[in-house]
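Please read the numbered points with the sequence and structure in view.

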Amino acid sequence: MTRPYVHTRANDPHGLIWYETRPRHLAGPGDPRRITQTLRAAGWTNHSTPDYPHVVLASPDQQLTLVLEPEPGRYGSWWRLRSQQGCWTAEFGANTPVEMIAALTDALLEPEPAASAPEIWPMLTTAGWRYERGEHANESATHPDGRLRLRRWSVEPLLDRFYWTAEAAREFEHAGPFGPLWRAWLDDDMPRHLLAAFVNALVCDEPVQRSRGDVPHNYLVTQQERGPQSDQLAADHEARLKAVRAATRSARRAARATPPASPLTPEAPAAPAPARPPAARR
């Protein structure tokens, strides 16, 4: 039975004209397969329910889960990443660019670096962000264009519990129609190298590829018809998946080849008790 042609976004990137879009934090969500297919190439298991509109993935050791699930609210968390072992979570709204989320999920696939992660705020101020520190040790930094902000904050009375929030907005000073375009929440307990990877993606000013229909607010971005088009985008994505599969196989072979840790040296047996002298004969 031949499959009927169905017009669906799953056919992307073919059949569309792609534009270099700036700034990336206002470019819209992009293709979620940049994340989901990369994780599956790294051995993550698909636990999705076929008849429900979501994607549920679990890492090979079952310690990390990723859920992509449309929420009815405009600013609901469509992406939810959770560590079962470290008890930290990260959530991202629907319009969060996948390139920013992928910076974090890609970092999950790499060995934890031996060196300590860079300090977060200098990463931002070096790129021209405006840093502020408020009461209760709350901190924030704002992008030079005034439409992207990162905050580290606590809610009274839990002043020892901090959270990170990244959000893009038309204007931060107004509510209603000028509210957030997207928002991300990250636990302060998240390993710092993962947080640094996400912040580095916030700082990056390279354009992303989007079609005209991908951008939720055309007047906030500039789009130029240049850069890679559909065939090149598809080839780049496949090359990325191929590299991830190869790295995963190599890591598994290395793990199998590593000899098990030598067992602890057993304690020396106790010296035998001295023999009792024979009982004197009566």
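Which helix supplies the largest share of the lining of the second largest pocket?

1. Basis of the note. This is a predicted model, in which local features need pLDDT of at least 70 and side-chain atom pairs count only at pLDDT 80 or more, while totals for chains, interfaces and linings use all residues. Residues are numbered from 1 along each chain as its sequence is written, and side-chain values use heavy atoms, with hydrogens and water left out.

2. The second largest pocket. The largest share of its lining, six residues, comes from H5. H2, helix H4 (192–203) and H5 (230–257) each contribute at least two lining residues. The volume of this pocket is about 770 Å³. Its lining has 28 residues, and Trp44, Leu108, Leu109, Glu110 and Pro111 are those nearest its centre. By class, 15 of the lining residues are nonpolar, eight polar and five charged. (On a 1 Å grid over the protein atoms alone, a pocket is an open set of points with protein on both sides within 12 Å along at least five of seven lines, a cavity is a set where a 1.4 Å probe fits but cannot get out, and lining residues have an atom within 4 Å of a point.)

3. Cavities. Two cavities of 30 Å³ or more are present in the structure. The largest cavity holds about 40 Å³ of space. Its lining consists of His25, Leu26, Gly28, Asn95, Leu181, Trp182, Pro216, His217 and Leu220. Five of these residues are nonpolar, four are polar and none is charged.

4. Packing of H1 and H2. Helix H1 (residues 33–41) packs against helix H2 (residues 98–108) at an angle of about 20°, and their axes are 9 Å apart. H1 is therefore roughly parallel to H2, a term that covers angles under 35 degrees. Arg34, Ile35, Thr38 and Leu39 of H1 make the contact with Val98, Ile101, Ala102, Thr105 and Asp106 of H2, where contact means heavy atoms within 4.5 Å. The residues in this contact comprise five nonpolar, two polar and two charged.

5. Strand E1 and its partners. Strand E1 (residues 19–22) runs antiparallel to strand E12 (residues 208–210), joined by three bridges; two strands pair if DSSP finds at least two bridges between them. Glutamate 20 has glutamine 209 of E12 as its bridge partner. E1 is also joined by three bridges to strand E13 (residues 222–224), again antiparallel. There, threonine 21 has glutamine 223 as its bridge partner.

Conventions:
Grid points are joined across faces, edges and corners, and a volume is the space filled by probe spheres set on the points. Ala, Val, Leu, Ile, Met, Phe, Trp, Tyr, Cys and Pro count as nonpolar, Asp, Glu, Lys and Arg as charged, and the others, Gly among them, as polar. Axes are lines fitted to C-alpha atoms, for helices over the stretch in contact, and angles run from 0 to 180 degrees between N-to-C directions. Helices (H or I, at least four residues) and strands (E, at least two) are DSSP runs, numbered from the N terminus. Angles under 35 degrees count as roughly parallel, over 145 as roughly antiparallel, 65 to 115 as roughly perpendicular and the rest as oblique.
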